[in-house]
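The sequence and the model are shown first, and the notes after them are grouped by topic.

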Amino acid sequence: MAHRVNWFEIPVVDLARATRFYESVLSTTLKVEDFHGTRIAVFTRKQEGDVTGALVQAPHAKPSLEGSRVFLDAGTDLDGALGRVAKAGGKVLVEKTSVGPMGSFAVFQDTEGNAVALHAHASPR
């Protein structure tokens, strides 16, 4: 399946801190690497063909609450992920909100000052 989105970048000030934050909130491991002289932490794919992206620490990348918004997959446990936001150093900005058959979402501020969303698909009945 072709996706319109094929990569995303979340700007960070402190790559190590941001990596710990996202690993904690999403219960995952990011792969820290050098990409043409820029340190990044790549979100791992759950399966082949998944869209992915990275945390990027670079002079041109400035964290912000405004602008484009990334929606990350929270799996089936949006409540659990939201519960880990504050413990990891972030702040929930928009509590869990239902979008009917499409599931639910929430928005948080990460440790770097970005507004990022989490999405969970509706559970099959």
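**Surface patch and overview**

On the surface, L65, L93 and V94 form a nonpolar patch with about 210 Å² of accessible area together. Such patches are made of residues with over 30% relative accessible area and no salt bridge, like charges being joined within 9 Å and nonpolar side chains (Val, Leu, Ile, Met, Phe, Trp, Tyr) within 5 Å. A salt bridge is a side-chain nitrogen of Lys or Arg within 4 Å of a carboxyl oxygen of Asp or Glu, and accessible areas come from the Shrake-Rupley method with a 1.4 Å probe, with only the protein chains shown counting as cover for residues.

The model is predicted: local features need pLDDT of at least 70, side-chain atom pairs count only at pLDDT 80 or more, and totals for chains, interfaces and linings use all residues. Residues are numbered from 1 along each chain as its sequence is written, and side-chain values use heavy atoms, with hydrogens and water left out.

**A member of the patch**

- L65 is placed in the loop between β4 (52-56) and β5 (71-73); helices (H or I, at least four residues) and strands (E, at least two) are DSSP runs, numbered from the N terminus.
- L65 counts as partly exposed because its relative accessibility is 37%; buried means under 20% relative accessible area, exposed over 50%, and partly exposed in between (1.4 Å probe, protein chains only).

**Nonpolar cores**

- The largest nonpolar core has 25 residues, and I10, Y22, F43, L55, L72 and L118 are those with the most contacts inside it. A nonpolar core is a set of buried Ala, Val, Leu, Ile, Met, Phe, Trp, Tyr and Cys residues joined through side-chain atoms within 4.5 Å.
- At least two residues of this core come from each of β1 (7-11), α1, β3, α2, β7 and β8, and α1 gives the most, with six residues.
- Apart from this core lies another, of six residues, including I40, V42, V56 and A58.
- Leaving aside residues up to four places away in sequence, L72 touches F8, Y22, L26, F43, V116, A117, L118 and H119, where contact means heavy atoms within 4.5 Å.

**Helix α2**

- In helix α2 (residues 78-87), the buried residues are L78, G80, A81, L82 and V85.
- These buried residues pack against α1, β6 (91-98), β7 (104-109) and β8 (115-120).
- After α2 comes G89, with a positive phi near 105°.

**E112 and its surroundings**

- E112 has its place in the loop between β7 and β8, and it counts as buried because its relative accessibility is 8%.
- A polar atom of the E112 side chain lies 2.8 Å from the backbone nitrogen of D14.
- The side chains of E112 and T111 make a polar contact (2.8 Å). A polar contact is a pair of N or O atoms within 3.5 Å; within protein, one must be able to donate a hydrogen and the other to accept it, and residues adjacent in sequence count only if both atoms are side-chain atoms.

- S27, in the loop between α1 (15-26) and β2 (30-35), has a positive phi near 50° although it is a residue other than glycine.
- H36, in the loop between β2 and β3 (38-43), is not a glycine but has a positive phi of about 50°.
- S27 is exposed, with a relative accessible area of 55%, and H36 counts as exposed at 73% relative accessibility.
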